[in-house]
Amino acid sequence: MDPYDTSDPREGVSKGAATNAQKPDPWSRFSAWLECVCVVTFDLELGQAIELIYPNNVKLTEKEKTSICYLSFPDSYSGCLGDTQFSFRLRQSVGRSGSWFGREDAYNRSAPVTLQKEHAHFHGFVYFRQVKDASVKRGYFQKSLVVVSRLPFVQLFHNLLQVIAPEYFEKLEPCLETVCNEIDQWPAPIPGQTLNLPVMGVVMQVKIPSNVETSEGSPDKQAQQENLLPAPMVLPSVHELDLFKCFQSVLIHVQMLWELMLLGEPVVVMAPSPTVSSETVLALVSSIAPLRYCGDYRPYFTIHDSEFKEYTTRTQAPPNVILGVTNPFFIKTFQCWPHIIRLGDLKMSGDLPKQVKIKKLAKLKTLDTKPGIYTAYKTFLHKDKALIKRLLKGIQKKRPSEVQSAILRRHLLEQTQSFIYPLEQYLLSLMPPQRSVSPWKTPPQIRSFSQEEFIKTLEQAGSQLTSVLKGDWMGLYRRYLRSPNFDGWYRLRHREMTQKVECLHLEAICAADLLAWTKDKSEVEIVDLVLKLREKLVRARKYQLPVKEQQLEKLEQSIQTIISSLPEDLQTVLHRQSQSEPHEH
């Protein structure tokens, strides 16, 4: 393998994608936010059916359309009358064109891993209305307005639906076209910037979190924002749910739920409605932020789902997924699963929400199974009694739900950061020393991750030293190292470390006197160097490696100087080759 080549085939951009990125296609601003907007209706002969899809040029496969149809309606057991909002997540069909990859890399590079656009899944956000209507055969008007996106912005898109859905159900189709045209005028979703998103006379103001600190726009921009009419509806977050509300009947088990998520254990959430099901699953997934949950998760899952057979087979162990369901039939289907969270309607015990109990899996038999967490799991760490006491006291003091959520979110964030810190420290020790990076040699290798070596480091630098929680930290790490979440985290961090080494190598090359090196070299060696340096330069720009542009320009000049020192016939060949190469800027 070429020492100068550290390409990652998964990061490649197809030639078609590069061409598409050069000319803006219709609806390009719209598609930076949404894939499409669908209307799903109930037809007496066909059942659920897609009535229309905007924009018209969106190509969904038949499988995707069928899945969206079934996932956009609550099942009959939920008895949802009036307006209901919930969300789902859907696997994209294999072989779908990935022409957006080139454009979207910029967003994913600056967004936190938990908010990045997904390559293989769509998120669906549903506003379902079921009201009595004598003019309809079944006596009910039943329709869902669905927003489909690759962005996991549950708060933003539910707020968008609250603005557009009631109006759409009154005025129908023309209003939807207007909405899509308005979204097509929105600024790009740039993390770290305050964005104003106008729709139907309302301006939603959002700020997408960034994984790098960014300064806000110029003072002129700020002044323009202040003159907004109407005054904007400021959304405190594009994605954060009311964590306290989602967990209020399982508060005393938050420690267990955090561990199950961290370890990527198979979990089923059985809820009374798609709203509770989807919010609980999304809250569980977010509980290990800033780590990304690397297994599959389905906020709302039905027996019509294309993965139903795959996920309910008894011939193998349950997969590492979290499924949110409402159909009681699933109790029988999931009897062999290790962790089932059965939620009922919230009940109060005096001022406090009644807490569900841990129960034996053997008791999970009948359709009227009582609420509880059915599992044999024993936590590695002890409960944080001070946190539970503080939250329960907050309920008695009528502390606002958003304040309770902030306390809970901060606790979970600190716990996750405390857990991940020793792993990050160990990774740093695997990096080659900067002094070993030479412009004349292959970039040095990153040392392999050794689980036993890492476990030994915990005695001096483990989470048990930084966290108030006591328990079997070693056991938790050993189990985590075998989980899909560790695998996903390590792959991502290894890719970042490889890029860092590549940047150091490139910087060393830029700082070196390349012309002096060529003085006693043969023409073959010099041409070989020119080709490798060009390849480095193309990669640096293609993947936007964090190397200063002045350094890249200096390298470009050095390449030209080296070429000028060669005989004219070779200069002509190299210049010709340079013109025929696709330049990635």
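Is E265 buried or exposed? I looked it up: E265 is buried, with a relative accessible area of 14%. Buried means under 20% relative accessible area, exposed means over 50%, and partly exposed lies in between (1.4 Å probe, protein chains only).

**Ground rules**

I am working with a predicted model, where local features need pLDDT of at least 70, side-chain atom pairs count only at pLDDT 80 or more, and totals for chains, interfaces and linings use all residues. Residues are numbered from 1 along each chain as its sequence is written, and side-chain values use heavy atoms, with hydrogens and water left out.

**The chain as a whole**

I noted 21 helices and 16 strands. These are DSSP runs, numbered from the N terminus: helices are H or I with at least four residues, strands are E with at least two. Of the 585 residues in the chain, 49% are buried. I then checked contacts, meaning heavy atoms within 4.5 Å. Among those with a separation of 6 or more, 73% join residues 24 or more positions apart.

**Salt bridges**

I counted 27 salt bridges. The rule asks for a side-chain nitrogen of Lys or Arg within 4 Å of a carboxyl oxygen of Asp or Glu.

I went back to E265. Its side chain meets that of R479 in a salt bridge (3.2 Å, N to O). The pair links distant parts of the chain, 214 residues apart. R479 sits in helix α16 (residues 473-480), while E265 is in the loop between α9 (254-262) and β9 (267-270). R479 is partly exposed, at 25% relative accessible area.

Next I took E167 and K171. Their closest N and O atoms are 2.7 Å apart. Both lie in helix α5 (residues 154-171), four residues apart, about one turn of the helix. E167 counts as partly exposed at 30% relative accessibility. K171 counts as exposed at 55%.

How far apart are the closest N and O atoms of E307 and R298? They are 2.9 Å apart, in a salt bridge. E307 is buried at 3% relative accessible area, and R298 is buried at 1%. Salt bridges with shared partners join R89, R91, E118, D296, R298, D305, E307 and E310 into one network.

**A six-stranded sheet**

I traced an open sheet in the order β10-β11-β9-β12-β16-β15, with mixed pairing. Two strands pair if DSSP finds at least two bridges between them. β10 (296-298) and β15 (358-359) stand at the edges, each with a single partner strand, so one side of each has no neighbour in the sheet. β9 pairs with β12 (residues 339-342) in the parallel sense, over four bridges. M270 has R342 in β12 as its bridge partner.

Then I looked at a helix on this sheet. α9 packs on the sheet and touches β9, β11 (321-325), β12, β15 and β16 (372-375).

**Nonpolar cores**

I defined a core as a set of buried Ala, Val, Leu, Ile, Met, Phe, Trp, Tyr and Cys residues joined through side-chain atoms within 4.5 Å. The largest nonpolar core has 105 residues, and W33, F247 and L423 have the most contacts inside it. α5 gives the most to this core, with 10 residues. F247 touches V254, L257, A283, L284 and L408, leaving aside residues up to four places away in sequence. Another core lies apart from the largest one. This other core has 23 residues, including A512, L529, L545 and I563.

Key
Axes are lines fitted to C-alpha atoms, for helices over the stretch in contact, and angles run from 0 to 180 degrees between N-to-C directions.
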